[in-house]
There are 2 protein chains.
Amino acid sequence: MDFEEKVKAVKHIYHGHVVDLDLETVELPDGRPAKREIVKHPGAVAVVAITAADKMIFIRQWREPLRQVTLEVPAGKIEANEQGEPLKTAQREMNEETRYHAENYELLSTFFSSPGFSDEKMYLYHASNLTPVKKELPQDKDELLEIVALSRSEINAAIERGEICDAKTIMAVLFWQLMEQ
Amino acid sequence: MDFEEKVKAVKHIYHGHVVDLDLETVELPDGRPAKREIVKHPGAVAVVAITAADKMIFIRQWREPLRQVTLEVPAGKIEANEQGEPLKTAQREMNEETRYHAENYELLSTFFSSPGFSDEKMYLYHASNLTPVKKELPQDKDELLEIVALSRSEINAAIERGEICDAKTIMAVLFWQLMEQ
């Protein structure tokens, strides 16, 4: 079966700081036209970081799209000078958000966050052998962050009360569960 | 620590078929202003559906944001008349996409897909005791779909070759792994 949609026209609706929005007119395999709304994103990384005390590191922050405080694994978008090198993003974000250096990084998974309307690709790493960074990178001035390390039972409680509530972080928790088995 | 951002102004950039785009001007807790790009989405459901032969059901389709064919768990967005009743969406999407009726639905997880820039909330269900539907609902005319049932080893191969590549589907696979233990 032929699934491919041919792009007939692209209208750039918005060019932003984090996302762009395109409206594509495509031709379906049977020749009919259709519209596709596409949120362009530079990609992002997320990190499963486990301390020597067997706790997972989280970042507490305000998420304006959700109008709530969340606990998420350390994460951030891939900057222009890091394209094609997501590991650099992981190392930078670990420094900026957690102040930890990790000796080892293992890529656990890559995935698209919302394939129906966005091209955002996420690289999920497992960082181990953590030590405090020697040189602290400057933090994003628009981000107010708090570092939190949680045990397994504390993680379950945070999921129950809805503070851990996003895909990459729940995926990180599932990977950690599977790692121990 | 006070994290909350106060909304000072909202500019509606785009109103679309699947998403809307808002640009918010917020006031950070320390009083400084910041901009937030927010992709509004009505929410979605996804279903872990396991057949009597112990295979997981996937939908093969073209995803224009990724410019590739993917295998994803049955899923779809919550329609206006289903707001607050995501189980109805799950049942409808199962009928439209897989032609199966499930006797039992269990909510495995709810999560936000991309909390940095979108309010999209996903409800992930486990559907069991599948039987063919008695009455087939009409399919979305813009969606060309193929139903595929995969064993565990076939799933791993599809992840390896990048056809299974999105967050909710990889999460569904992880949940299935944990269910069997």
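Counted over all chains, this predicted model holds 2 aromatic pairs. Rings of Phe, Tyr and Trp (for Trp, the six-membered ring) are paired if their centres lie within 6.5 Å, and planes under 30 degrees apart are called stacked, over 60 edge-to-face and the rest tilted. In chain A, the ring centres of A:Tyr105 and A:Tyr125 are 6.1 Å apart with the planes at 90 degrees, so this pair goes down as edge-to-face. It bridges distant parts of the chain, with A:Tyr105 in strand E8 (residues 100–112) of chain A and A:Tyr125 in strand E9 (residues 121–132) of chain A, 20 residues apart. Strands (E, at least two residues) and helices (H or I, at least four) are DSSP runs numbered from the N terminus. Both A:Tyr105 and A:Tyr125 are buried, where buried stands for under 20% relative accessible area, exposed for over 50% and partly exposed for anything in between (1.4 Å probe, protein chains only).

Chain B has its own edge-to-face pair, B:Tyr105 with B:Tyr125, at 6.1 Å centre to centre and 90 degrees between the planes. Since B:Tyr105 belongs to strand E8 (residues 100–112) of chain B and B:Tyr125 to strand E9 (residues 121–132) of chain B, the pair ties together parts 20 residues apart in sequence. B:Tyr105 and B:Tyr125 are buried too.

Charges over rings turn up as well, the criterion being NZ of Lys or CZ of Arg within 6 Å of the ring centre and within 35 degrees of the ring normal. The charged end of A:Arg152 is placed over the ring of A:Trp176, 3.8 Å from the ring centre. In chain B, B:Arg152 has its charged end over the ring of B:Trp176, again 3.8 Å from the centre.

B:Trp176 is one of the buried residues of H3(B), which also include B:Lys168, B:Ile170, B:Phe175 and B:Leu178. In total 11 of the 13 residues of H3(B) are buried, so the helix is largely enclosed by the rest of the structure.

As for the two copies, chain A superposes on chain B by a rotation of 180 degrees with 0.0 Å of shift along the axis, at an RMSD of 0.0 Å. The copies are thus related as by a two-fold rotation axis. Both use the same surface, as 100% of the contact residues of chain A recur in chain B.

Chain A contains 3 helices and 10 strands, in the order β-β-β-β-β-β-β-α-β-β-β-α-α along the sequence. Its C-alpha atoms fill a box of roughly 60 × 35 × 30 Å along the principal axes. Of its 181 residues, 54% are buried. According to an unreviewed UniProt entry, the annotation "domain: Nudix hydrolase" covers residues 39–179 of chain A; such annotations may be inferred rather than shown by experiment.

Residues are numbered from 1 along each chain as its sequence is written, with chains lettered from A and ligands numbered from 1 in the order written. Local features need pLDDT of at least 70 and side-chain atom pairs 80 or more, while totals for chains, interfaces and linings use all residues, and side-chain values use heavy atoms, leaving out hydrogens and water.

Conventions
Least-squares fit on C-alpha atoms with pLDDT ≥ 70 in both. Contact = heavy atoms within 4.5 Å.
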